[in-house]
Each structure stands twice: as C-alpha cells, then as structure tokens.
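Hello,

Here is the structure I wanted to hand over to you. Please have a look, and my notes on what was found follow below.

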Amino acid sequence: MSRRYSETRENTRRAGWERLVLQFIDDCATGSARDLTYWAQQLAYAPVFVNAFAVWLRENRPDAGQTGKLLAAIELALNGLDALPEVHEIDSSALLRLARRQADALGLRRRMVLKSLSRRLGRDLDGLPMGFVPHRMLRSYPLIGWKPEAELAGVDAGRVN
Amino acid sequence: MDAQRLLRIFEQLDEALTETTQLDIRGGAAALALGLTGRVTIDIDVLPDSRFIEADLHMACRSIGIGFNPRDKDISEEDYLEVVPEETLVLPIPSKDVPYNTVFRGRHLTVRTPPAADLVVGKLKRIEPEDLTDIEFLISKFDLKEGDIKESYSRLPHRFQEDHVIKDNLRYVLEDFF
C-alpha cells in the first residue's frame with residue numbers, strides 16, 4: 001500500500017518537472033530574448049532544472065526547429081558561466097549574486113553537463129571560446145529550486161519574467 | 001527537512017535513544033549530511049544492515065516528532081525515518097577498501113553513509129532529476145573518477161548488474177559527468 005502511495009508522489013513530482021521542461025521548450029520557440037535569458041539562467045544556475053531537461057531528453061527528441069532554439073539557450077547558459085564583466089552601470093551586489101550562482105553551478109561541473117546536453121542535441125560546444133558573461137545575463141531571475149510545484153504555481157498564476 | 005534540520009534530528013535522536021545505535025543512511029538525507037546545500041527531503045532512508053533496537057529507535061523518533069516507517073508515506077506531512085526494505089535495495093556490496101563516511105557521532109548515535117561512489121551507483125535504478133543533482137554533487141565533492149563508479153558498479157549484486165535500466169542509466173551518467 002505504501003509503495004503505491006510513494007510512487008504516486010514521485011510521479012506527481014516527475015510530471016511537474018516535465019511540465020516545466022515543456023514550458024521551457026515552448027518559451028524558447030517564441031524566440032523572445034527575455035524568455036531565452038530566463039531559461040538559460042535556469043540551465044546554468046538552478047540546481048535541478050538542467051537535470052530535468054536531461055531526463056526528458058533521454059526519452060524525447062525535439063524537432064529540428066526546436067533543437068536550434070534549445071541549443072541557443074544552452075550556449076547562452078554556458079556564456080553565463082564565463083568571466084564576470086567589468087561594467088559600471090551595475091552595482092557590485094548584483095555581480096556578487098551572479099558570482100555566487102556561478103560558484104554553486106561550477107561546483108557541480110555544470111559546464112560539462114551543458115556540453116553533454118548540446119552533444120545529445122547534435123552540436124559539439126567543446127570549442128566554445130570563453131569570454132565575459134553577456135550583459136543580458138547580468139539581470140538575475142529567480143531560480144527554480146527543488147520543488148517544481150512551487151514554480152508551476154507561479155506559472156499558473158501568470159509568472160512575469 | 002534541510003541540512004540544518006537533519007543535523008538537529010540527529011542531535012535529538014542521540015539524546016532520545018537509550019541504546020547504542022548506528023544508522024547507515026542513503027538517498028537525499030545522505031547527500032544533505034555530506035554537505036549538499038539547498039536540497040530538501042522528507043525522509044531519512046536507513047539501510048537494513050544498520051545496528052539498532054527497533055523499539056528504541058521507534059520510541060526515539062516518536063519522542064522528537066518524526067515518523068518511523070509510516071504506512072502512508074505519500075500523505076505524510078512530517079519528516080520520517082524509514083528502514084529501506086531489503087528487496088528494494090540497490091547498493092553495491094560493501095568493500096573494506098572503501099570505508100563508510102561518518103557524518104554524525106553522538107553519545108548513543110553514530111550516522112554513516114556508504115562511500116560516495118556507492119551512493120551514486122545506488123541511484124542508478126531510479127534516476128529522477130533530483131537524483132542526478134545528487135550525483136553531480138557527489139562526483140564533484142569527492143572528485144570521483146569514472147573508474148570509481150565502475151569499481152562500485154562491479155560490487156553490485158549480479159542481478160542488478162544485468163538490469164537493463166541500471167546499465168542504461170550508468171551509461172548516461174558516465175557520458176554526462178566524465
């Protein structure tokens with residue numbers, strides 16, 4: 001009896017992650033720069049979302065049009081792990097927040113995971129040159145944490161990026 | 001529970017227990033105890049080879065307000081401790097060459113986790129997004145190499161080594177993280 005209940009809870013959580021991944025794919029398809037930036041930050045810095053996408057990608061293949069957009073998000077995510085830029089119009093606390101996000105992600109070898117995902121989508125980003133974090137990645141969006149249902153509640157309520 | 005709450009639970013259990021107890025834990029609680037920040041979990045998975053007196057542990061859990069082997073895990077709102085049933089356990093056979101990690105030592109209670117590579121291999125049957133994040137953390141924190149994972153895999157009971165899901169998940173983990 002308890003096993004069945006447990007699987008129900010796990011299935012609900014997994015369905016939550018899948019809904020978020022599908023939202024990611026839909027948002028990337030629109031081509032909105034803001035959406036792309038939001039999801040690139042989830043891929044680069046959020047603790048679990050990139051792995052939810054990896055799990056989804058094992059069982060699903062996006063079409064050619066989607067693949068290009070997803071690769072763009074992955075490339076931007078990798079750019080988000082590059083060096084902090086010297087910009088004067090942003091306060092140092094924003095740079096510190098970004099640095100902390102980078103440290104958490106790099107501590108989990110996030111670059112390696114992102115490159116592996118890009119290979120799975122048909123493009124090798126191993127040779128991507130290191131540069132500075134793009135300006136649009138300097139605005140920090142809230143990150144999806146460990147509970148997909150919390151983020152979905154925001155989506156259902158009309159999340160504003 | 002988060003890492004801080006987990007430590008508090010260990011401290012409270014240590015005070016509440018009357019018998020010498022050694023709990024070997026796995027899963028999300030093990031990742032928390034080993035230092036993964038930000039994660040939360042509701043259960044503490046205890047390996048069946050742990051050394052404890054069930055009545056004593058049950059009473060200690062009850063006295064500090066956490067569940068013990070709850071029947072309805074899916075609707076449990078409180079944190080709980082669960083002794084993992086032997087038949088659902090996917091874990092390499094322990095080796096003297098790779099000792100367990102002690103993560104808490106009190107007067108009555110000691111808490112350990114299997115070696116990091118064993119924890120990774122123990123997650124290969126059911127890889128959820130959260131499990132992959134635990135695996136990322138364990139590989140980075142303990143600087144695990146591909147050979148460590150393969151050595152641990154070689155200590156799995158034979159029936160699990162031949163399990164297609166586990167084999168496939170091993171391939172993905174090696175591809176993604178090494």
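In chain B, the charged end of Arg171(B) sits over the ring of Tyr172(B), 5.0 Å from its centre (NZ of Lys or CZ of Arg within 6 Å of the ring centre and within 35 degrees of the ring normal).

A word on the basis: this is a predicted model, where local features need pLDDT of at least 70, side-chain atom pairs count only at pLDDT 80 or more, and totals for chains, interfaces and linings use all residues. Residues are numbered from 1 along each chain as its sequence is written, chains are lettered from A and ligands numbered from 1 in the order in which they are written, and side-chain values use heavy atoms, with hydrogens and water left out.

Over all chains there are eight aromatic pairs (ring centres of Phe, Tyr and the six-membered ring of Trp within 6.5 Å; planes under 30 degrees apart are stacked, over 60 edge-to-face, the rest tilted). One of them is the tilted pair of Phe24(A) and Trp39(A), with 5.5 Å centre to centre and 50 degrees between the planes. Phe24(A) lies in helix H1 (residues 2-30) and Trp39(A) in helix H2 (residues 33-45) of chain A, so the pair ties together parts that are 15 residues apart in sequence (helices are DSSP runs of H or I, at least four residues). Both Phe24(A) and Trp39(A) are buried (under 20% relative accessible area, 1.4 Å probe, protein chains only).

Phe24(A) also forms an edge-to-face pair with Phe53(A), at 5.2 Å and 90 degrees.

Best wishes

Conventions:
Helix = DSSP H or I, 4+ residues; strand = E, 2+ residues; numbered from the N terminus. Buried < 20%, exposed > 50% of the residue type's maximum accessible area, 1.4 Å probe, protein only.
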